[in-house]
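Subject: Structure handover

Hi,

Here is the structure I promised to pass on. Please open it alongside this note. My findings follow below.

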Amino acid sequence: MNGCNQTWCQPNVACSSNLPAHEVHVWRARLSLSTLDVSRRRGSLSSEELERVDRFRSEHDRTRFVLGRIVARSVLGSCLEQPARDVQITLDYLGKPIVAAPSETLIHFNIAHSGDYVLFALARERRVGVDVEQVRETNDLKEIAARYFSKIEYLRLLTVPERLRAESFYRCWTMKEAYLKARGEGFRLSLDAFDVAFLPSEMPRLLETRFNYVDAKQWCIYKLDLGSAYLAALATEVTPGLELKLWDWNDWQANG
């Protein structure tokens with residue numbers, strides 16, 4: 001893989017504003033905002049976003065959602081060369097976040113969060129989807145897989161040694177979620193309508209898309225390294241010369 005080779009780099013001003021058409025950028029943010037910081041920054045959110053914030057039951061979830069929107073506006077503002085507070089984010093007809101007043105060159109983006117991390121992926125003229133999950137040992141992983149994964153994926157998961165099964169489950173889940181989010185269809189497309197390669201020895205990729213047999217060749221999937229406690233994946237459309245760049249948002253803010 002080109003780019004930072006799974007190293008989250010410290011960006012400078014040029015990196016944050018420069019988004020060539022052949023690149024996909026993913027920003028990693030760690031949850032470090034205090035409750036006071038979040039309350040102070042809530043004013044940058046739209047009324048629709050504030051309603052969503054208030055629906056979260058825990059303060060941690062509210063803080064994480066606000067951080068996701070702060071990251072999105074700061075990065076998009078840099079790319080669009082406008083103040084972050086002026087970037088308006090809304091939802092399209094499928095419920096996917098978009099820039100309310102798009103620029104001449106369409107920027108696709110996607111947000112994911114779990115535990116103490118927020119991921120923000122963006123690209124020009126190319127759809128992107130990102131997902132992250134905090135790995136938790138639970139007793140019902142096989143039941144969840146049997147319900148949501150394809151039959152092939154479920155049977156393959158059963159071949160994984162018990163000590164690696166939770167990691168493999170979350171790897172499969174994040175890859176499938178990233179792909180669905182990139183397509184912008186959410187759960188309108190069933191999780192069992194396609195297969196992904198998720199075993200520990202495999203390169204991540206789409207194996208088969210039964211609803212559209214050519215779709216598997218039109219998308220690529222990357223694993224994103226956030227340490228042993230998290231699994232994350234990015235899905236984007238295949239184009240020649242594609243490069244993936246990984247940036248650390250906290251470092252950018254600390255040195256901005």
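Strand β1 (residues 23-30) and strand β5 (residues 117-124) run antiparallel and are joined by seven bridges. Within this pairing, V24 stands opposite A123 in β5. Strands count as paired if DSSP finds at least two bridges between them. Helices (H or I, at least four residues) and strands (E, at least two) are DSSP runs, numbered from the N terminus.

This is a predicted model: local features need pLDDT of at least 70, side-chain atom pairs count only at pLDDT 80 or more, and totals for chains, interfaces and linings use all residues. Residues are numbered from 1 along each chain as its sequence is written, and side-chain values use heavy atoms, with hydrogens and water left out.

Back to the sheet. β1 and β5 belong to an open sheet of four strands, ordered β4-β5-β1-β11, with mixed pairing. Its edge strands are β4 (107-114) and β11 (243-248), and each pairs on one side only. From one strand to the next, the twist averages 15 degrees. Helix α4 (residues 59-80) packs on this sheet and touches β1, β4 and β5. The direction of α4 makes about 30 degrees with that of β5. Contact means heavy atoms within 4.5 Å. Axes are lines fitted to C-alpha atoms, for helices over the stretch in contact, and angles run from 0 to 180 degrees between N-to-C directions.

There is also an open sheet of three strands, in the order β6-β10-β9, with antiparallel pairing. β6 (128-134) and β9 (219-224) are its edge strands. Seven bridges link β6 to strand β10 (residues 230-237). There, V132 stands opposite A232 in β10. Helix α7 packs on this sheet, touching β6, β9 and β10. The direction of α7 makes about 150 degrees with that of β6.

α7 (residues 162-183) also meets helix α6 (residues 151-158): their axes come within 10 Å and cross at roughly 155 degrees. The two helices are therefore roughly antiparallel (over 145 degrees). On α6, the contact is made by E153, L157 and L158. On α7, it is made by R165, S168, F169, C172 and K176. These contact residues divide into four nonpolar, one polar and three charged.

Finally, the overall picture. The protein has eight helices and 11 strands. Buried residues (under 20% relative accessible area, 1.4 Å probe, protein chains only) make up 50% of the 256 residues.

Best wishes

How values were computed
Angles under 35 degrees count as roughly parallel, over 145 as roughly antiparallel, 65 to 115 as roughly perpendicular and the rest as oblique. Ala, Val, Leu, Ile, Met, Phe, Trp, Tyr, Cys and Pro count as nonpolar, Asp, Glu, Lys and Arg as charged, and the others, Gly among them, as polar.
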